[in-house]
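Work through the exercises below with the structure open. Each task is followed by a solution in steps.

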Amino acid sequence: MSEQHQSNDLLGLIKQHPLHAFLAGLVAVALLVLILVVNSKPASTASFSPEAVAGRIQKVGAVEIRDANRAARSGEEVFKAQCTNCHTAGLVGAPKFGDAGAWGPRIAKGYEALLTSALKGKGAMGPQGGGDFADFEIGRGVAYMANAAGGKFAEPKDPNAK
Ligand code: HEC
């Protein structure tokens with residue numbers, strides 16, 4: 001049997017029985033679907049890769065707090081946004097806001113030493129007090145708290161201010 005002959009047979013069969021044409025079409029569609037499914041598999045698994053998942057999570061979690069266009073915060077704003085969490089009640093050994101006795105010896109170390117502690121963290125206090133501010137804003141928070149407890153530090157200026 002030649003190939004020519006075979007395909008003629010198939011055509012003849014399809015012509016005789018329209019149902020066979022329908023079945024042939026069905027098989028072709030099924031094959032196509034199968035190919036599509038098999039091909040799309042790696043792509044859909046890839047979207048669950050740790051990198052892809054991390055990327056999606058990050059979009060939700062990483063809020064851009066340090067927006068270059070937002071107004072620089074005052075010491076009081078920084079304090080109310082972050083530092084108050086521990087320093088108002090004196091949590092986890094934090095010197096209490098307005099407590100001259102607790103702040104006195106610290107203020108005596110000088111502004112730079114306090115700023116360094118606030119920026120890098122100290123004891124139970126994380127870097128930036130756990131917040132996300134520009135360094136000079138942390139400096140303002142330090143000055144605000146220290147001055148409320150007897151310090152006389154100048155509020156640092158915004159280096160980007162024109
Ligand atoms: C998670 C609680 C917590 C938060 C929030 C926090 N602090 Fe503190 N802070 C502490 C603790 C605890 C200490 C005492 C650390 C020590 O002396 O071991 C402290 C100490 C300090 C000191 C004195 C450091 C020194 O060298 O004596 C400064 C200044 C300070 N904090 C500034 C800030 C500023 C500014 C913020 C807000 C941006 C802030 N803190 C937010 C817990 C916190």
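**Exercise 1.** In this predicted model, find which helices each supply at least two residues of the shell around the ligand, and describe that shell by class.

*Solution.* 
- Step 1. With six residues, α4 gives the largest share of the shell.
- Step 2. The ligand is surrounded by 28 residues, and Cys83, Cys86, Ser117, Gly123 and Gly129 are the closest.
- Step 3. By class, the shell holds 15 nonpolar, eleven polar and two charged residues.

**Exercise 2.** Determine how α4 and α7 pack and which residues meet.

*Solution.* 
- Step 1. Two packed helices are described by the angle between their axes and by the distance between the axes.
- Step 2. For α4 and α7 the angle is about 70 degrees, and the axes are 8 Å apart.
- Step 3. Angles of 65 to 115 degrees count as roughly perpendicular, so α4 is roughly perpendicular to α7.
- Step 4. On the α4 side, the contact is made by Gly75, Glu76, Val78, Phe79, Cys83 and His87. On the α7 side, the partners are Glu137, Ile138, Arg140, Gly141, Ala143, Tyr144 and Met145.
- Step 5. The contact of α4 with α7 comprises seven nonpolar, three polar and three charged residues.

**Exercise 3.** Is α7 mostly covered or mostly exposed? Identify what covers its buried residues.

*Solution.* 
- Step 1. A residue is buried if 20 or more other C-beta atoms lie within 10 Å of its own.
- Step 2. Ten of the 13 residues of α7 are buried, and the helix is mostly covered. Among them are Gly139, Val142 and Ala146.
- Step 3. The cover over the buried residues of α7 includes α4, α5 (100-107) and α6.

Key:
Residues numbered from 1 in each chain as written. Predicted model: local features only at pLDDT ≥ 70, side-chain atom pairs only at ≥ 80, totals over all residues. Near = placed C-beta within 6 Å. Helix = DSSP H or I, 4+ residues; strand = E, 2+ residues; numbered from the N terminus. Nonpolar A, V, L, I, M, F, W, Y, C, P; charged D, E, K, R; others polar. Axes fitted to C-alpha atoms, helices over the stretch in contact; angles between N-to-C directions. Parallel < 35°, antiparallel > 145°, perpendicular 65-115°, else oblique. Contact = placed C-beta atoms within 7 Å. Buried ≥ 20, exposed ≤ 12 C-beta atoms within 10 Å, placed from the backbone.
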